[in-house]
Amino acid sequence: MSAYPSAPQLVDLFNWASPGMVVTDGEGRVVLANKAAKQLLPDASAPGAEVAAALGVEDYQALLASRSVVENREVPFSHADFPKGYANLGFGEADGTVYGFWALRPTTTYPTPSPKPAPQEATTATAWIARVDAPDADYTPVTEDAVPLVRAYYDHCPVAIHLIEEDGTVAHANWKDIAIVGATEAPDSYVGHHIRQIYADKEIVEDFLGRWDDDAPIIDFRADFLNKGERVPVVIFSTANVEGGTLKNTRCFVFPDNEPGRKRDRVTALDLAF
């Protein structure tokens, strides 16, 4: 099995991911930005824009020089309904050039899925994914020409990424995802196996498995993974790549929870309140 998802999978992952994905150069200027990033930063996501400055990351050069890893830094977004959230940032090389690799997630007022209909307000996770999925004539999807940079993103951005197949098998997982479930020393104990084994609350994953074929998103949802028997609080942003009613793979992004002591979210199957 390849260490990377296929080129078409990487292109799909970048274009239609639910978090913002941005690649910047040594000056903090945008090289690539996906559709979700364009929602959060309409002007600062354009090629050549100074996204580090727009996010208030004034120490970008120092972070680059030390190749620091940044997780869950609070940042502002220029979006009326989602004006703030968190950035993860890592650095690495592609074709001999050093880039910054960003994962941006907005703060929402209500996750999806949930045990009851989300309030009809513009700041919920349901509202966020509706904006990401809405047609945007101004967004030009990346093509396979971008694959080398997307592979570098997969290798260096400090956000856990995994792609799950229709039967629940983890088809691909990046280094961060493998680490967050404690499988760094034996990746094959995780990759190639059912995703069910890494969720602390089995009802949660069973509910998720029933949603993927319907392309039902899981956005800003707090759950617990298992790392060698210990609970790891995470925040999940996941959507499904569905073609002709068949799940091709999921696009799952998993962040360390910035509020690990916060009550875990629940789903319809559990019939519990938040």
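Are Phe-208 and Phe-221 buried or exposed? I looked up both: Phe-208 is buried, as is Phe-221. I took buried as under 20% relative accessible area, exposed as over 50% and partly exposed as in between, with a 1.4 Å probe and protein chains only.

I note that the model is predicted, that local features need pLDDT of at least 70 and side-chain atom pairs pLDDT 80 or more, while totals for chains, interfaces and linings use all residues. Residues are numbered from 1 along each chain as its sequence is written, and side-chain values use heavy atoms, without hydrogens and water.

Aromatic pairs. I searched the whole structure and found eleven. Rings of Phe, Tyr and Trp (its six-membered ring) pair if their centres lie within 6.5 Å; planes under 30 degrees apart are stacked, over 60 edge-to-face, the rest tilted.

Phe-101 and Tyr-153 have ring centres 6.1 Å apart and planes at 90°, so I logged the pair as edge-to-face. Phe-101 is in strand β5 (residues 97-106) and Tyr-153 in helix α6 (residues 147-156), so the pair ties together parts 52 residues apart in sequence. Helices (H or I, at least four residues) and strands (E, at least two) are DSSP runs, numbered from the N terminus. Both Phe-101 and Tyr-153 are buried.

For Phe-208 and Phe-221 I have centres 5.3 Å apart and planes at 75°, so this pair is edge-to-face. I also found one aromatic cluster formed by Tyr-199, Phe-208, Phe-221 and Phe-225.

Charges over rings (NZ of Lys or CZ of Arg within 6 Å of the ring centre and within 35 degrees of the ring normal). I found the charged end of Arg-105 over the ring of Phe-255, 5.1 Å from its centre.
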